[in-house]
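I opened this model to look up its strands, cores, ring pairs and backbone angles. My entries follow in the order I made them.

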Amino acid sequence: MNIVLYDILVSNKCYTHGIGRVSDKETLRKFSSILELGGLYSKAKLRKMGIIVDGKVSGNIRITNDAFISLFDPSTPGIEKSLLSPKYRLRFPFDTDVIFFMVDSSVESLMNAKRNQFDYTEVNVKDFIPMEYFSGIIIPNDPTLLSNIEEILTEHNLELPIFDFEGNFINTDKMNRD
């Protein structure tokens, strides 16, 4: 992570939630499904709805109950130096091949949420995070991917700022035309 993206996340009080690798063909379908369902559901809630979701997007071993949605808090005291180091991927669930939702940190106080007792950078929200808490999207800066993401947002009549991993606001042209 670089300082620009870090500052965007911290100054806007955002957590992140990765939904899948760009290289995985199912990720865009998953992205669309999240918007269609109106937010992020826990694995347990999705199972009850007949939707099966496998795996985590990072290689990290994380202890998160299936009834919770895991969010990463980049503003956790004491992690800035590690998060901004070139080796951040070894310690943090932040991969530049993954699509991330930026989630307003107020979700922690308004929803049934708690800090993970084993990983202080992780906030767990029980069952569901409505889209009203989504404050943006982070994706690799790829014109085809950006076009696909914007098309899916348009299909769902939504506008969210889209950033790349350098912290650039990459859907500026579309937002300015409206």
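**Strand 3.** I use buried for under 20% relative accessible area, exposed for over 50%, and partly exposed for in between (1.4 Å probe, protein chains only). Helices (H or I, at least four residues) and strands (E, at least two) are DSSP runs, numbered from the N terminus. Strand 3 covers residues 68-72, and five of the five are buried, so the strand is largely enclosed by the rest of the structure.

**Ground rules.** The model is predicted, so I note the limits: local features need pLDDT of at least 70, side-chain atom pairs count only at pLDDT 80 or more, and totals for chains, interfaces and linings use all residues. Residues are numbered from 1 along each chain as its sequence is written, and side-chain values use heavy atoms, with hydrogens and water left out.

**Partner of strand 3.** I looked for the pairing next. Strand 3 runs antiparallel to strand 6 (residues 122-126), with five bridges between them. Two strands pair if DSSP finds at least two bridges between them. I checked L71: its bridge partner in strand 6 is V123.

**E122.** Strand 6 also holds E122. Is E122 buried or exposed? I find E122 buried, at a relative accessible area of 1%. The side chains of E122 and S70 make a polar contact of 3.2 Å. Such a contact is a pair of N or O atoms within 3.5 Å; within protein, one must be able to donate a hydrogen and the other to accept it, and residues adjacent in sequence count only if both atoms are side-chain atoms.

**Cores.** I then asked which residues of the largest nonpolar core touch the most other members. They are F31, F101, I129, I137, I139 and I149, out of 28 residues. The elements giving two or more residues to this core include strand 1 (14-21), helix 2 (26-37), strand 4 (98-104) and strand 8 (134-138). Helix 6 supplies the largest share, five residues. A nonpolar core is a set of buried Ala, Val, Leu, Ile, Met, Phe, Trp, Tyr and Cys residues joined through side-chain atoms within 4.5 Å. A second, separate core has 17 residues, among them Y6, I79, I138 and F165.

**F101.** I listed the contacts of F101 (heavy atoms within 4.5 Å). Not counting residues up to four places away in sequence, F101 touches, among others, Y15, H17, F31, L40, F134 and I137.

**Ring pairs.** I count five aromatic pairs in the structure. Rings of Phe, Tyr and Trp (its six-membered ring) pair if their centres lie within 6.5 Å; planes under 30 degrees apart count as stacked, over 60 as edge-to-face and the rest as tilted. Y41 and F128 form a tilted pair, 4.4 Å centre to centre with 40° between the planes. This pair links distant parts of the chain: Y41 lies in strand 2 (residues 39-41) and F128 in strand 7 (residues 128-130), 87 residues apart. Y41 is partly exposed at 24% relative accessibility. F128 is partly exposed at 22%.

I moved on to F101 and F134. Their ring centres are 4.5 Å apart and their planes meet at 35°, so this pair is tilted. F101 is in strand 4 and F134 in strand 8, 33 residues apart. F101 and F134 are both buried. Ring pairs join F31, F101 and F134 into a cluster.

**Positive phi.** Most residues other than glycine have a negative phi. I looked for exceptions. D127 has a positive phi of about 70° although it is not a glycine. D127 sits in the loop between strand 6 and strand 7 and is partly exposed at 24% relative accessibility. N157 is also not a glycine, and its phi is positive, near 55°. N157 belongs to the loop between helix 6 and strand 9 (162-163) and is exposed, at 71% relative accessibility.

**Whole chain.** The protein chain has seven helices and nine strands. Of its 178 residues, 44% count as buried. Of the contacts with a separation of 6 or more, 71% are between residues 24 or more positions apart.
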